[in-house]
Amino acid sequence: MEHDPLTANQPFTDPQKETLYTVIRRRRDIRRFRPDPIPDATLAAILRAAHQAPSVGFMQPWNFLLIREAAKK
């Protein structure tokens, strides 16, 4: 079985820490939407990551809405 660094109980490496801090610094609220659709593979990866995000008591109190119609956006 291949070692999965994301599930191992190991401290983050310095490059992993820097990547995390970069992502946090770049995070921005969405105020405008791009007109081009998100590729299905990208959307699936985003949703997988979101479902793995921490929540208090593993309650995962979020819902995701996929809106593809421009008029509804």
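This is a predicted model: local features need pLDDT of at least 70, side-chain atom pairs count only at pLDDT 80 or more; totals for chains, interfaces and linings use all residues.
Visitor: What makes up the secondary structure of the protein chain?
Guide: Two helices and zero strands. Helix α1 covers residues 14–26. Helix α2 covers residues 40–51.

Visitor: How much of the chain counts as buried?
Guide: Of its 73 residues, 3%. Buried means under 20% relative accessible area. The accessible surface comes to about 7700 Å², and 59% of that belongs to carbon and sulfur atoms.

Visitor: Why is Y21 called partly exposed?
Guide: Its relative accessibility is 45%. Partly exposed runs between the 20% limit for buried and the 50% limit for exposed. So Y21 counts as partly exposed. Y21 sits in helix α1.

Visitor: What makes D14 and K17 a salt bridge?
Guide: Side chains of opposite charge can pair when their charged atoms come close. The cut-off is a nitrogen within 4 Å of a carboxyl oxygen. For D14 and K17, N to O is 4.0 Å. The pair is counted as a salt bridge.

Visitor: How far apart are D14 and K17 along helix α1?
Guide: Three residues, so about one helical turn separates them. D14 is exposed because its relative accessibility is 60%, and exposed means over 50%. K17, at 35%, is partly exposed.

Visitor: How do you know that D40 forms a salt bridge with R68?
Guide: Their closest N and O atoms are 3.4 Å apart. The limit is 4 Å, so the pair qualifies. This pair links distant parts of the chain: D40 is in helix α2, R68 in the segment after α2, 28 residues apart. D40 counts as exposed, at 58%.

Visitor: What about K72: which residue does it form a salt bridge with?
Guide: E69, with the closest N and O atoms 3.7 Å apart. K72 has a relative accessible area of 59%, so it is exposed. E69 is at 48%, so it counts as partly exposed. The salt bridge count comes to four.

Visitor: What lines the largest pocket?
Guide: 21 residues, with F33, I38, L43, L66 and I67 nearest its centre. By class, 15 are nonpolar, one is polar and five are charged. The space inside is about 820 Å³.

Conventions. Residues are numbered from 1 along each chain as its sequence is written. Side-chain values use heavy atoms; hydrogens and water are left out. Helices (H or I, at least four residues) and strands (E, at least two) are DSSP runs, numbered from the N terminus. Buried means under 20% relative accessible area, exposed over 50%, partly exposed in between (1.4 Å probe, protein chains only). Accessible areas come from the Shrake-Rupley method with a 1.4 Å probe; for residues, only the protein chains shown count as cover. On a 1 Å grid over the protein atoms alone, a cavity is a set of points where a 1.4 Å probe fits but cannot get out, and a pocket is an open set with protein on both sides within 12 Å along at least five of seven lines; lining residues have an atom within 4 Å of a point. Grid points are joined across faces, edges and corners, and a volume is the space filled by probe spheres set on the points. Ala, Val, Leu, Ile, Met, Phe, Trp, Tyr, Cys and Pro count as nonpolar, Asp, Glu, Lys and Arg as charged, and the others, Gly among them, as polar. A salt bridge is a side-chain nitrogen of Lys or Arg within 4 Å of a carboxyl oxygen of Asp or Glu.
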